[in-house]
Every structure is written in C-alpha cells, then in structure tokens.
Amino acid sequence: MKAQVEIIVEREGVSLEEEKGSDVNRILAVEGYTLLDALLDTGIALPHECGGNCACTTCRVFVEAGAELLSPMEEAERDRLILENVYQPRIRLACQALIRSPNNSLSSDLRIKLLIPPS
Ligand code: FES
C-alpha cells in the first residue's frame with residue numbers, strides 16, 4: 001500500500017485560506033506523485049512554465065521540513081538551479097521532487113512543509 005504524506009503549504013506573504021478557502025494549506029498526497037502534481041491537483045497554483053521538464057525554475061519551492069520524504073535531487077535539477085543562480089539544498093523544483101516513503105518505516109511523521117512564492 002502506498003504511503004500518504006501530508007503537505008503543509010504556505011505561500012510567501014499570503015494566507016492560502018484567503019486564496020482558496022479554509023484548510024487548503026494541508027493536503028494529502030500519495031507517494032510517487034511529484035510535488036507539482038500534488039499541489040496542482042488540489043488547486044494550489046504554482047507556475048510551471050516548461051510543463052515539468054526541468055527546463056525552467058518557475059516551479060521552485062522551499063522545503064522547510066520533510067525533505068527526507070522527497071526523492072534526492074538529481075544532477076539535472078541541481079544543474080538547472082545552479083544555472084539560474086538559485087541553488088540551495090532546501091530549494092527543489094516541484095516537478096522533479098517525487099514524494100516517497102520514509103526509509104525508516106517506524107517513522108510516523110509523514111509531513112512535508114513547503115514555502116511557495118507569491119502567485
Ligand atoms: S516546471 Fe519547469 S522546471 Fe519545473
């Protein structure tokens with residue numbers, strides 16, 4: 001059975017309650033989804049100019065917590081962030097970061113906390 005992960009999303013400077021109604025800043029996503037798909041599926045707008053092909057950085061998010069519940073950053077993603085001068089270990093391209101099960105199956109904190117840019 002695939003693990004479900006809770007994603008807490010905050011938009012810089014804006015309350016998502018104001019943007020979308022109550023409680024939309026907590027979403028559930030199943031492992032195997034990208035962060036971008038999880039956000040878009042629940043109606044949270046995140047730019048994705050290149051359509052999820054690791055060719056822009058418009059889908060970038062800041063991972064405040066739960067980075068271990070995401071696939072490791074691969075070379076193409078790192079190179080793209082470096083090229084755009086926005087590389088930091090906690091910044092991920094939402095289209096490249098896959099939600100995954102924790103390595104330690106005893107872990108009960110299946111929560112990712114994201115900060116996304118203003119829309
Ligand atoms: S949508 Fe362009 S890099 Fe993610």
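Me: Looking at contacts between residues at least 6 apart in sequence, what share join residues at least 24 apart?
Reply: In this predicted model, 69% of the contacts between residues at least 6 apart in the chain join residues that are at least 24 apart.

Me: And which elements does the chain have, in what order?
Reply: The chain holds 3 helices and 5 strands, and from the N terminus on these elements follow the order β-α-β-α-β-α-β-β.

Me: How much of it is buried?
Reply: Of the 119 residues in the chain, 25% count as buried.

Me: Let's take H3, then. Which of its residues are buried?
Reply: Helix H3, which covers residues 75–83, has Glu 77, Arg 80 and Leu 81 as its buried residues. Seen down the axis of H3, these fall within an arc of 95 degrees, so they line one face of the helix.

Me: What do they pack against?
Reply: The buried residues of H3 pack against strand E4, residues 91–93, whereas the face turned away from that buried side carries the exposed residues Glu 75, Asp 79, Ile 82 and Leu 83.

Me: Switching to the strands: how does E3 run relative to E4, parallel or antiparallel?
Reply: Strand E3, residues 60–65, runs antiparallel to E4, and 3 bridges join the two; Arg 60 has Leu 93 in E4 as its bridge partner.

Me: And how many bridges join E3 to E5?
Reply: There are 3 bridges between E3 and strand E5, residues 111–116, and these strands run antiparallel, with Ala 65 standing opposite Lys 113 in E5.

How values were computed. Residues numbered from 1 in each chain as written. Predicted model: local features only at pLDDT ≥ 70, side-chain atom pairs only at ≥ 80, totals over all residues. Helix = DSSP H or I, 4+ residues; strand = E, 2+ residues; numbered from the N terminus. Buried ≥ 20, exposed ≤ 12 C-beta atoms within 10 Å, placed from the backbone. Contact = placed C-beta atoms within 7 Å. Arc of directions from axis to C-beta. Pairing = 2+ DSSP bridges.
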